[in-house]
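User: I'm new to this structure. Please walk me through it, one question at a time.

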Amino acid sequence: MALRTPDPDDPGAPVHRPAEGPPPDPAAVRRVLAAVIDPELHASIVELGMVRDVRVGDGGEVTVKVALTTAGCPLRTQIQSDVESKVRGMPGVTDVRVEYGEMTQDEKSAVMQRARWQARENAPGTEVLPTTRVISVASGKGGVGKSSVTVNLAAALAGQGRTVGVLDADIWGFSVPRMLGVDGRLSGSDRKIDPNVVEVPDLDDPSGAPGRIKVVSMGFLVDDAETALMWRGLILARALEQFLTDVRWGEMDYLLIDMPPGTGDIQMALARLLPSTELLVVTTPALAAQQVAARVADMARRSYLKVVGVIENMSAFAAPDGSRHAIFGEGGGAALAEEIGVPLIGTVPIEPAVSAGGDAGKPAVITAPDSAVGAEFRRIADRIVDELLPPLDLSSCTARIFDLAEANLAAKDAAAR
């Protein structure tokens with residue numbers, strides 16, 4: 001489609017100023033096209049490699065060939081309008097024509113990589129402080145006990161006297177409130193939401209200061225736990241964004257995000273909103289689960305998120321006599337960890353106390369800290385704190401020192417007045 005010089009006899013035709021000066025060269029046209037943003041990928045069509053060719057005729061006719069990710073792209077009309085608008089405003093341009101091509105599979109992959117990198121580098125601000133370690137607990141499919149792992153790991157970390165956040169990002173299948181024994185609506189002030197708080201006793205010293213778990217879940221917002229949320233795509237991503245931008249999270253050592261299973265909209269939104277997230281993959285001993293879980297790690301890495309390790313849940317049944325029985329097979333967690341090149345940081349046994357604690361709202365790591373499952377979660381928490389993701393201390397960072405210096409100078413100025 002081309003935009004022609006309007007017929008002067010047509011009173012309804014749009015009015016364009018006549019071309020001024022000689023026709024522009026193709027390089028100048030490309031510079032102008034750098035301001036055209038792909039409405040879906042949110043990056044310049046030049047930067048994304050979508051501008052295949054620019055031709056300029058002697059009479060000022062400009063032809064731009066744009067390669068789309070798919071020939072039937074529903075946003076092609078907007079791209080065309082933006083290209084025509086930008087180029088037509090250049091001196092010497094008398095006509096603009098946009099032609100289309102389609103990218104190869106390799107080109108599409110390269111474009112998506114650029115778009116993901118740009119999303120990471122231009123992440124929007126959230127209420128999660130930069131001193132908070134963010135761990136996304138993910139799985140390839142449901143039924144592997146991912147939420148149980150999230151809750152018990154949070155309790156084990158809080159049992160060290162730490163402040164831990166738990167964001168239940170499984171919007172459809174929220175279960176964290178029940179597992180932590182928390183109910184009631186979320187409150188707030190000053191246009192921010194305050195998370196619900198659970199105190200966790202010091203697991204090593206009962207007389208010590210308790211830790212805290214800050215909890216946010218869609219379960220605190222619906223009428224009852226049986227309410228079905230029939231949300232898709234952008235609504236799900238927007239819900240996650242509100243949990244990260246509208247909740248007053250405050251100071252935390254760790255934020256654990258209980259993700260929905262698979263590789264969908266929530267996972268992609270998280271990579272955009274919190275690029276500092278590190279992924280913890282939960283799987284079962286069955287080798288059949290390995291390939292499914294590997295997809296989650298692949299998606300994380302394509303989104304430039306680090307995979308910190310694998311936890312194998314339901315590794316074996318721990319009988320009262322101390323014997324162990326591999327009910328669901330063996331080796332899945334180790335095989336997955338080797339395949340994706342990360343450590344296997346824990347193997348959590350099957351114990352009735354886990355499901356009973358989840359139903360009663362009392363995580364097993366709190367009610368039975370010295371049991372096989374309690375001891376394993378505490379060992380995993382120790383490894384995270386001591387080795388894999390130690391709490392961040394910015395007191396020695398240049399920015400922190402500068403802030404302290406400014407505060408001291410302001411205090412001295414106030415005292416001198």
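User: Which residues of helix 8 meet helix 9?

Analyst: Helix 8 covers residues 288-302 and helix 9 covers residues 332-340; helices are DSSP runs of H or I with at least four residues, strands are E runs of at least two, and both are numbered from the N terminus. On the helix 9 side, the residues taking part are Ala335, Leu336, Glu339 and Ile340, with contact meaning heavy atoms within 4.5 Å. Their partners in helix 8 are Gln290, Ala293, Ala294, Ala297 and Arg301.

User: Before we go on, what pLDDT do local features need here?

Analyst: Some ground rules: residues are numbered from 1 along each chain as its sequence is written, and side-chain values use heavy atoms, with hydrogens and water left out. This is a predicted model, where totals for chains, interfaces and linings use all residues, side-chain atom pairs count only at pLDDT 80 or more, and local features need pLDDT of at least 70.

User: Back to those two helices: at what angle do helix 8 and helix 9 pack?

Analyst: Two packed helices are described by the distance between their axes and the angle between them. Axes are lines fitted to C-alpha atoms, for helices over the stretch in contact, and angles run from 0 to 180 degrees between N-to-C directions. For helix 8 and helix 9, the axes are 10 Å apart and the angle is about 35°.

User: Zooming out, what share of the protein's residues is buried?

Analyst: The protein has 13 helices and 15 strands, and its exposed surface comes to about 20,400 Å², with 53% supplied by carbon and sulfur atoms. Those areas come from the Shrake-Rupley method with a 1.4 Å probe; for residues, only the protein chains shown count as cover. A residue is buried under 20% relative accessible area, exposed over 50%, and partly exposed in between (1.4 Å probe, protein chains only). Out of 417 residues, the buried share is 46%.

User: How many residues lie between strand 2 and strand 3 in their hairpin?

Analyst: Strand 2 (residues 51-56) runs antiparallel to strand 3 (residues 61-68), and five bridges join them; strands count as paired if DSSP finds at least two bridges between them. In the turn, Gly60 has a positive phi of about 95°. The number of residues between the two strands is four.

User: Is Val348 buried or exposed?

Analyst: Val348 is found in strand 15 (residues 344-350), where five of the seven residues are buried. Leaving out residues up to four places away in sequence, Val348 touches Ile311, Glu312, Asn313, Met314, Ser315, Val373, Glu376, Phe377 and Ile380. Because its relative accessibility is 2%, Val348 counts as buried.

User: Which residue in strand 15 is the bridge partner of Ile311?

Analyst: Strand 13 and strand 15 pair in the parallel sense, over five bridges. Strand 13 (residues 306-318) also holds Met314, which has a positive phi near 55° although it isn't a glycine. The bridge partner of Ile311 in strand 15 is Gly346.

User: How far apart are the C-alpha atoms of Val365 and Asn152?

Analyst: Val365 sits in helix 11 (residues 364-367) and counts as buried because its relative accessibility is 0%. Neighbours within four places in sequence aside, its contacts include Asn152, Ala155, Leu203 and Phe377. Val365 and Asn152 are 213 residues apart along the chain, yet their C-alpha atoms are separated by 5.8 Å.

User: Is Asp190 buried or exposed?

Analyst: Asp190 is in the loop between strand 7 (187-189) and strand 8 (192-194). It isn't a glycine, but its phi is positive, about 50°. Because its relative accessible area is 69%, Asp190 is exposed.
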